[in-house]
Amino acid sequence: MSLRRCFLLLSRLPVPRRACAIRRAASSGSSSRPPDTSLFVPLSVRSETSRDGDIGLELSQALDKSEILKALNRFYKRKEIQKVAAEQGLDARLFHQAFISFRKYVLEMPSLGAELHIILNDICCGAGHIDDIYPYFIRHAKQIFPMLDCMEDLRKISDLRVPANWYPEARAIQRKVVFHAGPTNSGKTYHAIQRYLAAKSGIYCGPLKLLAHEIFEKSNSAGVPCDLVTGEERTFVDPEGRQSSHVACTIEMCSVTTPYEVAVIDEIQMIKDLARGWAWTRALLGLCAEEIHVCGEAAAVNFVRELMFSTGEEMEVHNYERLTPFSVLDHAVVSLDNLRPGDCIVCFSKNDIYSISRQIEVRGLECAVIYGSLPPGTKLSQAKKFNDPDDPCKILVATDAIGMGLNLSIRRIIFNSLVKPTVNEKGEKEMDTISTSQALQIAGRAGRFSSVFKEGQVTTMHHDDLPVLKEILQHPVDPIESAGLHPTAEQIEMFAYHLPDATLSNLIDIFVSLSQVDGLYFVCNIDDFKFLADMIQHIPLNLRSRYVFCTAPINKKQPFVCTSFLKFARQFSRDEPLTFDWVCRHINWPLVTPRNIKDLVHLEAVHDVLDLYLWLSYRFMDMFPDANLVREVQQELDHIIQQGVRNITRLIRASEAQAPLPGTGKNGDAAGIQHRSRGSGIQGPSSSRARGNKTLGRASGSLGSRLVQEGLLTPELLDQLRSEWSQGRSLNDPKPTPENLNKTQGGKKKKLKKK
């Protein structure tokens with residue numbers, strides 16, 4: 001068995017049920033865990049000044065600093081003092097920090113309070129005991145750590161154990177919950193939507209803008225007036241702007257106070273998502289609808305039923321089977337020469353999409369491309385191009401962005417890789433094999449009921465991946481065991497009332513540290529929120545505005561987007577409206593058709609910036625007044641990006657002429673792609689190994705840099721590999737092959753896997 005297959009199979013080993021039970025037990029006991037005191041940032045304390053001068057000095061005498069220092073050090077070492085301080089919430093860390101601050105205060109302040117001055121003087125003269133310092137020390141500790149005085153209040157605010165009680169309007173009615181369970185292309189969402197269209201009023205909650213837009217159009221086409229609500233868009237079908245009885249929205253935008261007859265929650269399995277799961281939890285527990293229709297994987301049925309027990313609501317389950325079959329082929333594609341009309345190659349990186357698109361174009365074929373950062377209009381345009389039977393474009397190259405929200409006529413799904421960058425519970429980036437759920441979601445796009453292909457096929461690009469894919473698809477989907485939660489603006493405001501001098505990032509950290517959740521829930525990853533909070537901490541904003549800015553959905557990997565976010569916040573803080581002219585100057589409008597990939601990436605970032613403006617305009621209408629004009633510009637930009645994507649192979653050629661794209665070989669073959677796989681601990685097919693050895697020998701070039709940047713190699717390991725390669729050549733060893741490289745790496749797989 002090859003090393004590549006071993007790596008993939010090992011990463012698929014299921015987590016023992018016992019481990020899950022332990023995690024749940026540990027989570028349910030979180031109410032008694034001590035706070036993470038490393039998050040407590042000490043504040044500075046000012047000197048106590050008196051209009052009457054230094055009374056302590058007048059009543060006693062000047063303090064001998066050397067004697068004071070000796071007394072304070074004896075005080076610090078007293079076990080009894082440490083024990084009593086611990087009862088006040090000062091663990092060893094806080095006790096040490098408080099003592100350092102107190103000692104500095106006593107020794108460096110020009111004047112002390114009269115009582116403390118006299119106590120210290122008495123101790124130096126032998127007329128007092130060092131324990132007499134304790135009341136002043138503990139008062140100082142609570143001044144620099146104000147949370148010590150309100151710890152119980154903070155614990156109550158951050159108690160997340162019964163989130164069902166956060167929604168009194170929903171608890172005031174007896175809701176009927178219907179779970180439509182089934183795989184992709186089984187008709188589960190269709191049946192839920194039929195009930196939605198027949199209702200007097202309804203709300204559809206989907207994970208993507210494209211899905212919300214699809215239901216919006218489908219509803220209005222069926223004669224049921226429906227509005228569209230996303231983070232960046234509000235479309236009312238009524239000419240006078242009155243709200244319709246039906247609304248299609250992204251799930252974060254659903255109202256939990258508006259009553260409806262029917263609500264549809266799509267893709268319920270995303271309730272476990274580490275970043276967005278809280279939105280599904282909020283919708284499921286909080287929507288005020290007589291009927292809640294939930295659509296998703298069968299793996300979520302038992303968990304949703306358990307959540308409904310906490311609300312006292314019963315649930316009925318409707319099971320569905322796939323409408324059209326798909327089969328896993330017994331052979332891999334191996335070469336792009338073997339592509340057929342209706343093929344979709346699925347990649348997990350934009351660079352792979354660029355590289356494969358170039359290789360397809362070299363073979364005289366046309367292809368459409370779809371990836372996550374493209375604007376919705378461009379995605380739809382590329383999908384239409386691929387679906388059009390009269391268009392010569394018969395090949396699609398896409399990321400897993402096709403997993404939801406697009407209707408595509410795909411005959412065969414081809415996995416270019418089975419390894420995808422992920423973010424774990426700690427917010428750390430990892431390279432890991434896709435899960436059964438992800439594989440089924442993507443594979444299920446082949447041979448859909450609504451497409452011209454009534455039977456789908458699934459395979460891989462590389463031989464070694466095929467048995468692993470079969471193993472993944474045969475494995476049952478892991479049952480969902482917990483749902484995400486997120487602190488609300490109101491909870492953070494109450495925290496800030498008790499800790500007025502803490503930064504927003506620090507408030508969030510302390511909230512999560514003190515939060516109490518039972519075994520059904522977890523607190524979602526807040527790294528993106530904290531990233532934005534730290535970025536604008538120096539900008540003077542009130543807490544509510546700061547919180548709203550930090551919940552903005554932006555791509556923090558795009559420098560231009562982050563810079564724009566910072567400028568938006570700074571302009572907002574000056575109470576200066578962000579006008580259309582200001583935005584046009586900022587983005588250098590008008591923009592032109594991209595000449596290379598770098599230009600295209602920048603245009604995508606500009607589109608995201610305009611999305612950010614529109615998102616903020618619905619929260620601060622007075623400060624972002626020109627949403628309509630910005631939307632018009634964004635539509636023009638979408639068309640410009642569409643032109644660029646239609647000519648993407650020309651852009652790739654232009655980029656290659658300036659500097660080769662990471663992962664593309666001299667002749668535009670697949671060598672570069674397969675070497676990226678090997679950098680992740682995976683081998684490519686033997687047919688490409690000889691072509692790739694030169695690239696491996698030049699690891700100091702674009703490949704080595706990319707592996708280091710993505711965290712797949714450490715700089716130290718890369719230097720070691722270079723050294724070992726050069727030593728092997730100097731000893732007349734054969735040139736490095738994938739097999740030799742794997743031997744060289746030895747036990748270093750963990751470094752390659754985890755950033």
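## Helix packing and a parallel sheet

Helix α21 (residues 527-535) packs against helix α23 (residues 559-573) at an angle of about 55 degrees, and their axes lie 10 Å apart. The model is predicted: local features need pLDDT of at least 70 and side-chain atom pairs count only at pLDDT 80 or more, whereas totals for chains, interfaces and linings use all residues. Residues are numbered from 1 along each chain as its sequence is written, and side-chain values use heavy atoms, with hydrogens and water left out.

Helices (H or I, at least four residues) and strands (E, at least two) are DSSP runs, numbered from the N terminus. Axes are lines fitted to C-alpha atoms, for helices over the stretch in contact, and angles run from 0 to 180 degrees between N-to-C directions.

**Two helix pairs**

α21 and α23 are therefore oblique to each other; angles under 35 degrees count as roughly parallel, over 145 as roughly antiparallel, 65 to 115 as roughly perpendicular and the rest as oblique. On the α21 side, the contact (heavy atoms within 4.5 Å) is made by F531, L532 and M535, and on the α23 side by C562, F565 and L566. These residues comprise 6 nonpolar, no polar and no charged. Here Ala, Val, Leu, Ile, Met, Phe, Trp, Tyr, Cys and Pro count as nonpolar, Asp, Glu, Lys and Arg as charged, and the others, Gly among them, as polar.

The axes of helix α19 (residues 489-498) and helix α20 (residues 504-514) come within 10 Å and cross at roughly 105 degrees, which makes α19 roughly perpendicular to α20. Q491, I492, F495 and A496 of α19 meet residues of α20 that include L504, L507 and F511. By class, this contact of α19 with α20 has 9 nonpolar, 1 polar and no charged residues.

**The sheet and its helices**

Strands of a sheet pair through backbone hydrogen bonds, either parallel or antiparallel. In this model, an open sheet of 6 strands with parallel pairing has the order β9-β16-β13-β10-β12-β11; two strands pair if DSSP finds at least two bridges between them. β9 (326-328) and β11 (367-370) stand at the edges with a single partner strand each, so one side of each has no neighbour in the sheet. The twist averages 20 degrees from one strand to the next. Strand β13 (residues 412-415) is joined to strand β16 (residues 456-460) by 4 bridges, and the bridge partner of F415 in β16 is T460.

| Helix | Strands touched | Angle of directions |
|---|---|---|
| α16 (residues 376-387) | β10 (343-346), β11 and β12 (395-398) | about 150 degrees with β11 |
| α17 (residues 436-443) | β9, β10, β13 and β16 | about 140 degrees with β13 |
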